[in-house]
Amino acid sequence: MRIKLEKRPDPSRLMLVVTPIASVLLTMLLGVIVFDALGIDGQRAVIDIFLTPLLASYKWQDVAVKAAPLIIIGLGLSIGNRANVWNIGAEGQYVIGALCAAGVGIAAGPVGGPLVIAAMIMAGIVGGGAWAAVPAVLKTRLGVNEILSTLMFTYVALQVLSYLVGGPFKDPNGRNFPATAPLTADQTLPLLPFTSVHLGVGVALVLPFLFWFLMSRSVFGYQIRVVGAAPHAARHGGFDGNQTVWLALLIGGGMAGLAGALEFTGALKTINLGFPSGYGFTAIIVAFLGRLHPIGVLIAGIVLAVTYVGGQVAQTTVHIPNATAGIFQAMMLFFILASDIFVRYRVRFIGSPKSAVSPAAPAPAAGE
Amino acid sequence: MGTDFVIAAIITIIGISTPILLAGLGELVVEKAGVLNLGVEGMMLIGAITGFAVTVMTGNPWLGVLGAAAGGALSALLFGFFVLTLNSNQVATGLALTIFGTGLSSLIGLSFVGRIVPQFGSSFPPALSRDPIGRLFFSYSPLVYFALAMVFVVAWFLRRTRSGLILRAVGENDLSAHSIGYSVIGVRYLAVAFGGAMAGIGGAYFSLVITPMWAERMTSGRGWIALALVVFASWKAGRLLIGSLFFGVLMWLELNAKAGGLSFMPYAGSIPSQFWAAMPYLMTVVVLALISMRDRGGSSAPACLGKPFLPAT
């Protein structure tokens with residue numbers, strides 16, 4: 001008996017939904033085994049990382065606040081990945097977005113109110129987009145690989161952060177600690193009463209539906225999908241590849257900048273050297289785990305936020321470093337990528353009698 | 001600026017460019033076989049911790065280097081299984097490998113924080129490195145000579161051997177290589193494992209030579225520079241050596257700026273140290289732009305780079 005792969009005419013819709021769930025479950029199972037092998041209570045670690053944040057209601061706020069930037073950045077990246085534009089520098093765009101918001105806040109001085117907050121958030125979107133615009137220029141004008149350029153710009157952004165919070169943006173009353181002055185109460189996003197859930201969480205809940213509409217109902221969404229699936233056909237159809245690169249990177253950067261500005265004005269209220277926490281990289285996993293579908297990204301963002309919060313729980317209960325959550329996040333990404341094979345191919349076991357029946361015609365175009 | 005200063009600078013530059021040279025040579029072979037492994041940073045970190053751990057446990061840095069090579073190769077084979085056997089997307093799988101390597105190395109490294117390791121002995125009799133000129137040639141870690149030797153080995157292998165020819169054929173036209181009867185997947189597995197081993201040794205250079213200790217994320221993005229270096233070198237081993245020294249100079253400037261040691265340069269005091277720290281990354285982008293301008297209308301990248309192997313069955 002051998003295994004044979006048959007290409008499906010269209011991606012399997014069932015598998016698109018089943019495989020992400022299977023990937024998470026497989027990650028949990030393998031996590032127990034791997035951690036036990038390393039001499040750590042694997043069952044406890046997996047329960048704390050994946051379940052405790054969901055079962056303990058006082059952790060829900062935490063999950064919501066951490067999911068917001070992951071969802072927002074993941075949405076932007078999913079657009080790019082659909083068009084085969086690889087922006088892996090969202091972390092830098094996120095940081096620059098927050099710094100631009102901080103710049104507006106510092107310029108506003110003690111003045112606050114909705115207009116100032118709106119200006120800060122706009123500055124974040126523009127800043128993140130501008131940071132991604134450089135790789136876009138390089139890609140469209142010179143053909144520079146955007147994977148490397150977006151990533152290199154992330155490292156540059158971290159140096160910009162270090163320079164600004166230790167110099168021009170440093171809090172004059174901050175005992176020389178490299179951080180911006182905390183925002184005043186009327187410069188921060190409103191909170192849900194008695195919680196730490198800020199308006200940015202609401203934004204993260206609404207945006208996926210907006211993106212869903214945009215991707216499935218607009219010419220733009222169609223263009224992104226066509227360019228990603230069949231670049232040559234897209235060119236014949238009159239869609240400009242360069243324009244797609246621009247849109248993909250500007251949306252990716254703008255969304256990352258928005259996430260940075262919301263995190264700054266909603267959750268942290270100050271920027272220090274610890275501001276970049278890897279959301280920009282984790283959002284890549286969010287985009288894939290969500291199968292590049294806006295609603296999938298919403299769910300995947302919550303799942304990854306759970307592992308973030310759970311990673312902190314496990315840090316205290318089983319004494320593993322915070323970076324350990326990264327092992328689980330990477331395993332999820334490995335599995336979801338590997339499971340693509342089930343989406344695009346029908347796996348048949350030749351020689352076994354039951355395999356000859358093929359299921360009914362698959363659903364049309366995936367992911368709408 | 002005396003001769004001693006210049007010689008000391010050259011020695012430092014050669015030292016700090018060694019890890020990206022090692023990792024870059026490995027990735028060069030991988031990409032020549034048509035596979036793009038973006039997980040170099042993760043494999044370097046795994047090499048750094050396995051090399052360190054084995055050295056702590058055995059007391060022998062040479063076994064540590066072997067351990068680093070094995071750790072790097074094993075993590076690369078994990079990547080290989082996903083992209084070669086399961087045909088998963090190479091870009092995203094490479095990213096996953098980097099995230100995985102970062103997390104796993106932190107976890108393993110937990111019990112090695114604060115430990116110290118025995119050092120490599122000097123490569124040559126100490127008498128040879130008494131005067132400055134002697135130091136210039138004979139004072140390096142054995143891994144530096146290994147890296148330099150590997151430049152020639154890789155260049156010779158790719159250009160002069162039959163196996164090298166097959167490897168290049170697999171990277172340039174996998175379907176033809178397959179139809180002649182070569183195992184495309186087999187060749188790619190070997191190349192990927194070699195790339196992982198070299199990245200692992202490059203990582204061990206951090207934990208065994210540069211700082212002799214373990215710290216989370218201690219390779220600080222050098223794996224990504226190694227990737228850029230391969231493009232910079234237009235997939236040629238000799239140019240990779242030149243490129244690694246160029247990046248070495250930039251990293252040396254950063255080290256000196258942090259220590260306030262750039263006083264020989266005019267206006268150096270008014271430039272923030274973060275500028276120098278950002279330089280290697282900015283220059284990578286500048287270099288990529290220059291290369292892309294030069295290569296307009298025909299890149300020197302292997303034709304099958306990053307594409308899955310899908311033979312008609």
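**Reading chain B, with a look at helix 12**

User: How many of the residues of chain B count as buried?

Analyst: A residue is buried if 20 or more other C-beta atoms lie within 10 Å of its own. In this predicted model, 51% of the 313 residues of chain B count as buried.

User: What secondary structure does chain B have?

Analyst: Count the helices and strands. Chain B comes to 12 helices and 0 strands.

User: Why is chain B called as compact as a globular protein of its length?

Analyst: Compare the radius of gyration with the globule rule. For chain B the radius is 20 Å, and the rule gives 20 Å for 313 residues, so the chain is as compact as a globular protein of that length. Its C-alpha atoms fill a box of roughly 65 × 50 × 35 Å along the principal axes.

User: How do I read contacts along the sequence?

Analyst: Look at how far apart the partners sit in sequence. Take contacts in chain B between residues at least 6 apart. Of these, 79% join residues at least 24 apart.

User: Where is the kink in helix 12 of chain B?

Analyst: Find the residue where the axis bends. Here that is B:Met279, with a kink of about 45°, shortly before the proline B:Pro280. The helix covers residues 273-294 and reaches 32 Å from first C-alpha to last, close to the 32 Å expected.

User: What covers the buried residues of helix 12 of chain B?

Analyst: First pick out the buried residues. Among them are B:Trp276, B:Met279, B:Pro280 and B:Tyr281. Their cover includes helix 6 (146-166) of chain A, together with helix 10 (222-232) and helix 11 (237-258) of chain B.

Definitions and conventions:
Residues are numbered from 1 along each chain as its sequence is written. Chains are lettered from A and ligands numbered from 1 in the order in which they are written. This is a predicted model: local features need pLDDT of at least 70, side-chain atom pairs count only at pLDDT 80 or more; totals for chains, interfaces and linings use all residues. Helices (H or I, at least four residues) and strands (E, at least two) are DSSP runs, numbered from the N terminus. The radius of gyration is taken over C-alpha atoms; the globule rule is 2.2 Å times the number of residues to the power 0.38. A residue is buried if 20 or more other C-beta atoms lie within 10 Å of its own, exposed if 12 or fewer, and partly exposed in between; C-beta atoms are placed from the backbone. Two residues are in contact if their C-beta atoms, placed from the backbone, lie within 7 Å. The expected span of a helix is 1.5 Å times one less than its number of residues. The bend at a residue is the angle between axes fitted to the seven residues ending there and the seven starting there.
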